Amino acid sequence: MADELDTHEKRHGIMGDTSWDTPVCVTDMGSVQARLTFTDVKAHEYVDTEDVLREKVALLSSMIRESDEMITYTGAGISVAAGIDDYATKVKDASITRASDVPRVKDWKDARPTVTHRVLTAMYESGYLKHWIQQNHDSLPQKAGFPQSSLNEIHGSLHDPANPVVPYEGTLRDDLYAWLRHWEERNDLVLALGTSMSGFNCDSVPARAAEKFSTKHSSHKGLVIINLQRTPYDEVASLRIYAKVDTVLPMLAEALGIDDRVRPMDAVSEFFPAAGSVVDEQEGSDGTSGADMFVVPFNGDTGEPDGSGGTVWDLRPQAWLRLTGGPYSGCYGQVIGRVAEGHWRIRFSNCQHPSFPGAKMKPFSLFLGKWWVEEATRGRGIFPGGKIPFVSVTAAEAEASTSSDKDATLGSAAEEQTPSALLDLSKYDKLVKIGMAMGAVEQRMMKDGVPNDRITAFCTAAATTATAA
């Protein structure tokens, strides 16, 4: 154990003061390794003395003030205080992070943001933090108010059906990996929090930051690591801090003068669709109230950005949708309704298995986070210029895809054709009233299977009404 911190860099980082005291071991794990693969780092936990910690935070705040493109790279350690188990650590209950009164959550979707998530959000809103690469799946950044469009959930998400949790030996989304590589080169400071950095592909982000610091001291601030355990990158870090992230981040907020912008621990973020984007707002069949139909400025077939009028997201119970990306791209799902927190649950019953061609998945549910409506109605996809997770489709289109497995669906999507005279066109009236371009409304009607004669009559009547007004 004593040999673990045998160099100044391992104790404090390259920029650390040589007079600083050595971090204190608070959890001695003997010969137990922090991870079973990719590293021989032991599982011991260390903390800096109070005086040294204050000086390190002061140095970090000055580095942040001097940076223009700081990003954060986070791991499971930042969510332990939320009651989410760090599945990879070998310390488990021996860790000092367990010395809290926060019970472990049985369902990660029920977890609440920690103070670290809230401080990082305040840093983003204050202009200090530009981007967040999140290895966790827990959606705690979004619950803290961090925007989805500046968050790369590289290992998947519990609340994005087009980016579900990536298995340990799974494949990352190509577009999200490209986005990661973009910020890997663009950043001028990487803040690594609660991550062991023990061999995943995305660990190239901290590795590259350390590399750039070693050759471009004047333009890149390098890598700052805040973690209780040692990591493989300690000796090349600009600054190494040994402490709980929930201890350091409030101190950092105060040093940056933004502590008044950190939302209280009981705060619950609210999300609102863009003005004029709500198509219909009423009590749903599932007993919840609120909007479930929205105009989004994206292509109704591909889910790509489209400024020519957009399409409609229909999230009413029993509505159908098609995923635009991820391992289940092209799969059709049916909206079940909203769960207690306001997220939408979507059921998939006839998806091809992404790893076994020809095989089908058993029926399963995925969730759409309620913040997605705020993002999509404002023209923001999974990343700047990227797609939205899904597009809404007709029951007929979904039925054509799932007809081979009707019994697995939540209710047959097949419907008898409605006589033209009895078609309800009120939803298209609402689209016109909220300002959707007539051409886009006409395309929507065609996609929904409205007969041409009714489309012509509707458009003529709408034009006449507009002229009279």
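Of the 469 residues in the protein chain, 51% count as buried, meaning under 20% relative accessible area with a 1.4 Å probe, protein chains only. This is a predicted model, where local features need pLDDT of at least 70, side-chain atom pairs count only at pLDDT 80 or more, and totals for chains, interfaces and linings use all residues. Residues are numbered from 1 along each chain as its sequence is written, and side-chain values use heavy atoms, with hydrogens and water left out.

On the secondary-structure side, the protein chain has twelve helices and 16 strands; these are DSSP runs numbered from the N terminus, with at least four residues (H or I) for a helix and at least two (E) for a strand. Six of the strands make up an open sheet, with parallel pairing, in the order S5-S4-S3-S6-S7-S8. Its edges are strand S5 (151-153) and strand S8 (239-241), each pairing on one side only. Two strands pair if DSSP finds at least two bridges between them. Strand S3 (residues 70-74) and strand S6 (residues 189-193) pair in the parallel sense over five bridges, and Thr72 has Leu191 as its bridge partner in S6.

As for the helices, the axes of helix H3 (residues 115-125) and helix H7 (residues 245-256) come within 8 Å and cross at roughly 30°; axes here are lines fitted to C-alpha atoms over the stretch in contact, with angles from 0 to 180 degrees between N-to-C directions. H3 and H7 are therefore roughly parallel to each other, the label for angles under 35 degrees. Contact (heavy atoms within 4.5 Å) involves residues including Val119 and Met123 of H3 and Leu249 and Leu256 of H7.

Definitions and conventions. Buried means under 20% relative accessible area, exposed over 50%, partly exposed in between (1.4 Å probe, protein chains only). Angles under 35 degrees count as roughly parallel, over 145 as roughly antiparallel, 65 to 115 as roughly perpendicular and the rest as oblique.
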